[in-house]
Amino acid sequence: MELLFLGTCAGTPSRERNVTAIALTLGNSGSGGYWLFDCGEGTQHQMMRSPLKPGKMEKIFITHLHGDHIFGLPGLLTSRSMGGVTEPLTIYGPVGIKAFVETTLSLSASYVTFPLEIVEITAGEVCDDGQIRVSAWPMSHVIECYGYRIEQHDKPGVLDAARLKAEGIPAGNWFQQLKRGETVLLADGREVCGQDYLGPSIKGKSLAIFGDTAPTPAASELAANVDVMVHETTLEASMAEKANSRGHSTTVQAATAAKLAGAKRLIATHFSARYDFADSERLLAECREIFPATELARDFSVFKV
Ligand SMILES: [Zn+2]
Ligand SMILES: [Zn+2]
């Protein structure tokens with residue numbers, strides 16, 4: 001999987017950065033498919049400057065209904081439709097997301113021709129397609145807001161084809177069944193159990209994408225031992241009171257949350273528009289003092305998960 005940041009600015013865009021949207025490409029499907037997390041205004045313009053194709057977007061997860069996280073939806077949806085995309089799309093988000101999308105489309109006499117499903121979520125499991133499970137956790141923000149935990153299911157280990165050959169088991173279609181750990185009956189009457197020929201199962205990747213939030217105890221569970229944690233860092237360490245009073249976190253608070261949760265890496269994003277590139281070294285240093293495995297996202301940054 002890969003994270004592509006389409007916007008890293010909090011509240012309003014700046015000259016260098018757009019408002020929040022993050023794409024998660026799903027390497028496991030091999031289809032170029034991806035999911036979008038939040039969709040600030042101008043997200044479709046950012047996508048045009050990236051390799052992301054509208055038709056490959058399968059799901060959109062919205063953390064909360066603040067404008068800098070959803071104002072890009074109507075344009076993105078209608079452009080996807082006008083581009084002739086017929087693939088279905090599902091939007092997940094807090095209560096109100098359905099009314100927002102349906103109202104903006106109907107008041108502007110707009111519509112989409114692809115199948116669009118809008119699912120209003122609460123905390124708990126959001127979806128599970130058999131390959132990836134997504135669950136939502138409540139954030140501490142000024143309106144209802146969620147963070148998403150994304151977990152790949154573990155995959156069966158590698159089939160020991162050399163050992164099968166050494167034991168005189170011929171290659172054939174049944175290798176696919178053995179790979180899944182199933183038992184196969186060969187033509188000569190032998191029963192072969194796939195489990196006996198599989199290496200250790202391959203642990204699925206996990207990541208946590210936080211919505212806007214002040215420090216919250218939910219962080220430790222949402223991001224427990226994840227490979228990658230994406231957390232907002234709206235303001236610098238010395239502005240904690242201002243950040244927290246508006247339901248946001250500082251660099252140091254995000255880094256502390258990553259440390260407490262046992263995350264392997266932290267990617268900081270959602271910086272106030274007051275910061276430009278010249279400030280990024282300072283913000284990064286504040287994070288790394290607490291949690292060395294921190295990286296700062298810029299617009300169009302790509303991180304392998
Ligand atoms: Zn925001
Ligand atoms: Zn917000």
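Biologist: Which domains does the domain assignment of the protein give?
Modeller: Domain bounds come from an automatic or database domain assignment. Here that assignment gives domain 1 (2-154 + 203-304) and domain 2 (161-197). The C-alpha centres of domain 1 and domain 2 are 44 Å apart. This is a predicted model, in which local features need pLDDT of at least 70 and side-chain atom pairs count only at pLDDT 80 or more, while totals for chains, interfaces and linings use all residues. Residues are numbered from 1 along each chain as its sequence is written, chains are lettered from A and ligands numbered from 1 in the order in which they are written, and side-chain values use heavy atoms, with hydrogens and water left out.

Biologist: Which residues coordinate the zinc ion (ligand 2)?
Modeller: The zinc ion (ligand 2) has His64 (NE2), His66 (ND1), His141 (NE2) and Asp212 (OD) as donors, at 2.2 to 2.4 Å. The angles among these 4 donor atoms run from 90 to 167 degrees, and the site is irregular. In sequence the donor residues are spaced H-x1-H-x74-H-x70-D. Aspartate 212 bridges the zinc ion (ligand 2) and the zinc ion (ligand 1), which lie 3.6 Å apart. Helices (H or I, at least four residues) and strands (E, at least two) are DSSP runs, numbered from the N terminus.

Biologist: Is aspartate 212 buried or exposed?
Modeller: Buried means under 20% relative accessible area, exposed over 50%, and partly exposed in between (1.4 Å probe, protein chains only). Aspartate 212, at 3% relative accessibility, counts as buried. Histidine 66, at 26%, counts as partly exposed.

Biologist: What is the phi of histidine 270?
Modeller: Most residues other than glycine have a negative phi, and most peptide bonds are trans. Histidine 270 has a positive phi, near 60 degrees. Its place is the loop between strand 15 and strand 16, and it is buried, with a relative accessible area of 4%. Alanine 109 also has a positive phi, of about 50 degrees, although it is not a glycine. Alanine 109 is in the loop between helix 4 (97-107) and strand 7 (116-120) and is exposed, with a relative accessible area of 66%.

Biologist: How many aromatic pairs does the structure hold?
Modeller: Rings of Phe, Tyr and Trp (its six-membered ring) pair if their centres lie within 6.5 Å; planes under 30 degrees apart count as stacked, over 60 as edge-to-face and the rest as tilted. The structure holds 7 aromatic pairs. In one of them, tryptophan 35 and phenylalanine 61 have ring centres 5.3 Å apart and planes at 50 degrees, so the pair is tilted. Phenylalanine 37 and phenylalanine 61 form a stacked pair, 4.9 Å centre to centre with 10 degrees between the planes. Phenylalanine 37 is in strand 4 and phenylalanine 61 in strand 5, so this pair ties together parts 24 residues apart in sequence. Trp35, Phe37, Phe61, Tyr92 and Tyr148 form one aromatic cluster.

Biologist: How many disulfides does a search of the whole structure find?
Modeller: A disulfide is a covalent bond between the sulfur atoms of two cysteines. The cut-off is a pair of cysteine sulfur atoms within 2.5 Å. The search finds 0 disulfides. For cysteine 145, the closest cysteine sulfur is in cysteine 39, 16 Å away, too far for a bond.

Definitions and conventions
Donors are N, O and S atoms within 2.8 Å of the metal (3.2 Å for Na, K and Ca); water is not among the atoms, so sites may look incomplete. Four donors count as tetrahedral if all angles lie between 85 and 135 degrees; four count as square planar and six as octahedral if opposite donors are over 155 degrees apart and all others between 65 and 115; anything else is irregular.
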